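Below is a short report on one chain of a protein model. It starts with the chain as a whole and ends with a single residue.

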Amino acid sequence: MSPLDKKLLRDLWRMKSQAAAIAAVIALGVLINVMMGGLINTLEETKRAYYERYRLADVFAPAKRAPNRLLKDIAALPGVAAVEGRIQGGALIDLQGVDVPIRARVLSLPESGSPRLNDYYLVDGRRMDPTRDDEILILNGFAKAHGLKPGGSISATINGEKRTFDIVGLVQAPEYLFSVAPGELAPDDSRFAVIWASEDALAKTFDLDGAFNEALVSLSRGASLPAVLSGIDRLLDPYGGLGAYGLADQTSNRFIVEELKGLRSSSTVVPPIFLAIAAFLLYIVVSRIVQSEREEIGLLKAFGYSNFAVAAHYFKFVLAIATGGALLGCLLGIFSGCGMAQLYQNYFKFPFLAFEVEPRAFIMGMTVSVLAASIGALFVLIGVFRLSPAVAMRPPAPADYSRTMALAQFIKLRLDQPSRMVLRRLVRQPMRAVSAIVGIAAGMALTVTQLSVLGSFNSSLDLSFSVIDRSDLSVSFVEPIGQKAIYELKRIEGVIEVEPFRSVPAILRNGLRSCRGGIEGLQSEPHLNRAVDKEVKPIYVRSDGIILSKALADKLAIDPGETLTIDVREGRRPILEVPVVAIANTLLGAPAYFERHALNRAMKEPGRVSGAFMRIDTAHAAEIYRTLKEMPIVAGVNVKGEARQAFQRLMDEGAGSVRYIMTAIAAIITFGIVYNSARIAFAERARDLASMRVIGFTKGEATFVLLGELGVITLAALPLGAILGYALLQLVASGFSTDLYQIPADFVPDAHGTAALAVIVAAAFSGFLVKRDVDRLDLISVLKTRE
Amino acid sequence: MDSPSLAFKVRDLTKIYGSGVSAVHALRGVDLDVREGEITVLLGASGSGKSTLLNILGGLDTATAGSVHFGRENLTAMSDDELTLYRRNHVGFVFQFYNLMPSLTAFENVELVTEIATSPLSPGEALDVVGLTERRDHFPAQMSGGEQQRVAIARAIAKQPEVLLCDEPTGALDSKTGRMVLKVLQDVNERLSTSVLIITHAAATADLADRAVYLADGRVKDIVVNEERKRAEEISW
Ligand SMILES: Nc1ncnc2c1ncn2[C@@H]1O[C@H](COP(=O)(O)OP(=O)(O)OP(=O)(O)O)[C@@H](O)[C@H]1O
Ligand SMILES: [Mg+2]
């Protein structure tokens, strides 16, 4: 081995703590990119494979009652690969010990074999016996939430008929990765059930012998979805077709797509910023390490080593650190990506995982690390090469304190010697101080941003569930009915306030843009469920036009004053043209509000209500739930507290858990940056400190000189970090937002306070670690070498 | 007069550090012939320009004006790369502050130079010459100042250079160790007929030189030729 390579290895060993500290920071920057890339690829690939393996339909076409022969006509449509007709309907499940009635969806399974489309995965138990009509399969998540097992039974009201069924198997289905109760935003396993029962049994219950009420269709390659949809709509129209829709609009799939989109967008915006900040630190540390080797560089030049040979040596040195860190980051990233994917497997209810990595993340991590280190080394080397070897070799350039004279005079009387040394050094090398300040501030900004995002989620929840929605529960009716139902609700003991609403499922269109959703017809001056503007003041719904949530307005690219086309999917299915009158600042979901009577007028269905928001006396809650459960018009009850919990869970377990991990990584990177700053300052000053100690300064004074500098730099970094953090939040907030919830990029004071505190703690701890090294400083060997 | 031939021919050499009011005239027109195979000692007060001159001769620094010829080649006209090759192939340095690589052992410090030289001694042989065979695996921090300086000399002579440039090689040493170092330099000069330039503050060192050059205020003030060189062992200071 050449002596230069030996020097390289020994120097790396000598600087192991510094090298490890900087490699760890770059490793984290790479890790988060590799992890997120791998996680998202794995989840997307798994979803694809799951959908494919279990033949999830591409089109869902509900109708009132269509004869089975129609299936042949659908199959004959160009672009249709396979068709399956099934019976589906709503149900209420009555579980012992659960007051709130639980909504369920029942789906039919063919008498023999597996369904052609929308197959299921049997987790536990067995398939149904085709000769029995009281056996059912039930969604695994729901069963788990309530401790139901194969062999048990369950009582359900289907189409007004209350029956008891035997549970024979627990299943998972790609169609119900997320089970979301109708009318809610967040999934909740315990409050929504899916039941599979035999086709015969359901045909009897729903009076659908020889008929189906939902067609499932898969498309052949290259088929046009809109063409197939309109073809099916045409065929089903005489049979009460409710409008065929594609997989993109299927509830569970939409959730998973939105979650993955959220994951992907937060992972395309945030991790690269982490990497950039880690790379910036790498750049700083590398240039300072190389700078401290100035004399060695001069010496090698003096011996006749060419610039190229010297540069090659130092590049090897810094690249060893950079690629070491990046490789470590890749490895750990793959591992943690797999670990995260397993966590998410539960959350998304995938029966298996198809692991995938993200090669781009490796390449980006490697390239960025190598570039940052190379550029850091290159600039310094160019500078040193410009000096003659005689100058470069001279032991530390005679310090030019002339610039500090005025300052020195000013503070001479006030400060003791060590304090003056701290100040002089800061003033003498302002660029070094500035880069250290920017580095620490950037680290703090990461933490500020991540904490702000977490904080914003909570304020989102507060805004939605306390300010926007002030009801305790909402009731939805089996179908739109007359006002009379409201009086019935008001009569229940313990009910304080009832506020009816009319909601209408519809496709909203603006030119070529469209979005499946609905119109909420609210009271003109709603009390319980309101729209609010940016200043969180209530917006009164209007009868002259629609108020759109910001998310919806953005999606449809529509502004107040323009006309929205509403393609209603209920009743006579009119197509309405209504002006948009305002934009509301909702953070959850993407609602569109209209005045209830105006909506009913437009629908030509006066006096109808779809449900009601209610405020109740919680002391009577249990009785109220029981009463509601007995009312035949009630299709379901949504308790706000439960919905809020479901949302909180969504935030914590879904894309949310990634936010916590990102926050943790941000905090570690912040610490790493502070620690690196302390380390490098120590490495550069070891000789000075030893000299101080030799001429009689105490350990404490020597430490003070070193840490005083770190302290001043840290304090200076705090305000800058706060500003950078706020700026960064503006950048990433949209990355964390999805169709389901929006992250406001507001100033979150707590986040700034906590981040500042974290930086101070990191500085104190780094100071403690470095102080131990000052105490251990081997005076003799430090002074002996290099002179 | 053509023989003996010259190692260095220095003409009107000027070196100014900095510019304007803060300009320092380190050399103010030095004229000097350094003969091949001789030992030349440079003397003069602190700040008189000795190190500056030596650095320019060694290609470590560039002159502001004037010329330095090494044999046929004009150092002052050389590019950076040519100077690098010149240092690599022709010059051995011994610095006042040893300048060893702290992370390399004695042996490896010498090896650092033999690696890139054309016909070097082996690092072992070079350490043998300075009597440090048994310290070859020690790091600089484990050696005394004199030992470090002898490693530096081993490093300088290992490449068998044509000229050996030594800046106060005995400055930090006691007279016994200093004599030992000087003896090594004298041996090298005699055995390999290397031209040796030594900067020193010890006037007695001049006795072992063929020629003693006195610098003052950036100029050559005097040159004393010794008819008879003393042996290093005979010198004391
Ligand atoms: N890089 C530099 N920048 C400015 N001035 C310099 C520089 N190097 C040397 N000088 C000045 O040039 C003059 C000659 O310096 P030089 O080092 O050659 O002296 P010297 O004779 O070797 O002294 P000593 O015996 O103390 O080593 C001195 O006045 C010195 O201050
Ligand atoms: Mg000198």
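The text moves from overall dimensions to a sheet, then to a helix and one of its residues.

**Chain B overall**

This is a predicted model. Chain B holds six helices and 10 strands. Its C-alpha trace spans about 50 × 40 × 40 Å along the principal axes. A compact globule of 237 residues would have a radius of gyration near 18 Å; chain B has 17 Å, so the value agrees with that expectation. Of the 237 residues, 55% count as buried. The accessible surface comes to about 9,700 Å². Carbon and sulfur atoms own 47% of that surface.

**The sheet**

Chain B contains an open sheet of six strands. The strand order is 6-7-8-3-9-10, and the pairing is mixed. Strand 6 and strand 10 of chain B are the edges, each pairing on one side only. From one strand to the next, the twist averages 20°.

| Element of chain B | Residues |
|---|---|
| Strand 6 | 91–94 |
| Helix 5 | 145–158 |
| Strand 10 | 219–225 |

Helix 5 of chain B lies across strand 6 and strand 7 of chain B. Helix 5 runs at about 175° to strand 6 of chain B.

B:Ile153 belongs to this helix. Is B:Ile153 buried or exposed? Its relative accessible area is 0%, so B:Ile153 is buried; the cut-off is under 20%.

Which residues does B:Ile153 touch, leaving aside its neighbours within four places in sequence? The partners are B:Val94, B:Val130, B:Val181, B:Val184 and B:Leu185. One of these contacts, B:Val94, falls in strand 6 of chain B, which covers 91–94. Another partner, B:Leu185, sits 32 residues away along the chain from B:Ile153. The C-alpha atoms of B:Ile153 and B:Leu185 are separated by 8.0 Å.

In brief, helix 5 of chain B lies across two strands of the sheet, strand 6 and strand 7, and B:Ile153 in that helix is buried.

Definitions and conventions. Residues numbered from 1 in each chain as written. Chains lettered and ligands numbered in written order. Predicted model: local features only at pLDDT ≥ 70, side-chain atom pairs only at ≥ 80, totals over all residues. Heavy atoms only, no water. Helix = DSSP H or I, 4+ residues; strand = E, 2+ residues; numbered from the N terminus. Buried < 20%, exposed > 50% of the residue type's maximum accessible area, 1.4 Å probe, protein only. Contact = heavy atoms within 4.5 Å. Pairing = 2+ DSSP bridges. Axes fitted to C-alpha atoms, helices over the stretch in contact; angles between N-to-C directions. Rg over C-alpha atoms; globule rule 2.2 N^0.38 Å. Areas by Shrake-Rupley, 256 points an atom, 1.4 Å probe, with all protein chains shown as cover.
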